[in-house]
Amino acid sequence: MYLRGKLALALAPLVVVPVFALGWLTWDSLRHKLYGEAERGMQAALLMADQSLADLVADAMADANLLAAAPETVAFATARAAGSVAAREHAALLRLLEQYRAGYPSYLAIRLMSPDGRLLLGTAAIGSSALMASVPPATALEAAASQPVRQMQPDADLLHILRPVQVPAGNAGMAFRGVLTLSVSLTPYYARLADPYLGFGGRLLLLLPDGEVLHASPGEPAVTSAQLRSALTAPGTSHAP
């Protein structure tokens, strides 16, 4: 009996160690497989997100161009430049903006602003009236005098499109008379992007290469831009566009 016990103790490592090693190797292989599948899934999600955002921006740019060049907008801007905006031009443009905003729920506000950023006319969705009083940065207004401008507002999940309003002037030229501003909600876009991950207890955190946070899922721990920049530049960190 004593000999049998000694034999059992002597043989135990020969049995336990291989079983433990096999279990560890199996887990390690499974872990790498899961990481690989998660990374491939993330790459696919990022590609779809990139295309979806590109389509959203392209559609908003096209709509802003259409509104800025609409006959109602040109008539209002021309009359204002002449100092004689009639009720007819005012009502026609307001009706156009309201119809357009009602047809596109993600467009929270559409505004016509003077070259210096003063609100001339606009419409906003319910709960978004604060957008009517907001003024784009001076740099954005200056750039919008000659070309369309895209501006992100991460703290409100908004994309602003600024489009110059130009009207015919003398000698077949065009005169800059204002800025058409289209404010687009990115909340539905972020919700679709986060949906595959939130069901598994994941969190969505979108940021720029410099560490600026574009969007963070509710409950995401607060981190500073400096911390994010440090993480993004740490050795061994992988990046995906």
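Which strands does helix α2 (residues 71–81) lie across, and at about what angle does α2 run to β4? The points below take up this and related features of what is a predicted model.

1. Overall make-up. The chain contains 7 helices and 7 strands. Read from the N terminus, the elements follow the order α-α-α-β-β-α-α-β-β-β-α-β-β-α. Of the 241 residues in the chain, 32% are buried. Where contacts join residues at least 6 apart in sequence, 47% of them link residues at least 24 apart.

2. The sheet. Five strands form an open sheet with antiparallel pairing, in the order β2-β1-β5-β4-β3. The edge positions belong to β2 (119–124) and β3 (149–153); each has a single partner strand, so one side of each is left without a neighbour in the sheet. On average, and with direction ignored, neighbouring strands of this sheet are turned by 20 degrees against each other.

3. The β1–β2 pair. Strand β1, residues 107–113, is paired with β2 in the antiparallel sense over 5 bridges. Within this part of the sheet, methionine 113 is placed opposite leucine 119 of β2.

4. Helices on the sheet. To return to the opening question, α2 lies across β1, β2, β4 (158–168) and β5 (174–185), and runs at about 65 degrees to β4. Helix α3 (residues 87–103) also packs on the sheet, where it touches β1 and β2. The direction of α3 makes about 35 degrees with that of β2.

5. The α2–α3 contact. The axes of these two helices come within 9 Å and cross at roughly 145 degrees. The crossing of α2 past α3 is left-handed. On the α2 side the residues are Glu72, Thr73, Ala75, Phe76 and Ala79, and they meet Glu89, His90, Ala92, Leu93 and Leu96 of α3. Sorted by class, this contact has 6 nonpolar, 2 polar and 2 charged residues.

6. Serine 185. This residue is in strand β5. Is serine 185 buried or exposed? Its relative accessibility is 11%, and because buried means under 20%, serine 185 counts as buried. A polar atom of the serine 185 side chain lies 3.3 Å from the backbone nitrogen of threonine 187. With neighbours within four places in sequence left aside, the residues in contact with serine 185 are Ser106, Leu108, Asp157 and Leu158.

Terms used: Residues are numbered from 1 along each chain as its sequence is written. This is a predicted model: local features need pLDDT of at least 70, side-chain atom pairs count only at pLDDT 80 or more; totals for chains, interfaces and linings use all residues. Side-chain values use heavy atoms; hydrogens and water are left out. Two strands pair if DSSP finds at least two bridges between them. Helices (H or I, at least four residues) and strands (E, at least two) are DSSP runs, numbered from the N terminus. Axes are lines fitted to C-alpha atoms, for helices over the stretch in contact, and angles run from 0 to 180 degrees between N-to-C directions. Contact means heavy atoms within 4.5 Å. Buried means under 20% relative accessible area, exposed over 50%, partly exposed in between (1.4 Å probe, protein chains only). A polar contact is a pair of N or O atoms within 3.5 Å; within protein, one must be able to donate a hydrogen and the other to accept it, and residues adjacent in sequence count only if both atoms are side-chain atoms. A crossing is left-handed if the near helix is turned anticlockwise from the far one by less than a right angle, and right-handed if clockwise. Ala, Val, Leu, Ile, Met, Phe, Trp, Tyr, Cys and Pro count as nonpolar, Asp, Glu, Lys and Arg as charged, and the others, Gly among them, as polar.
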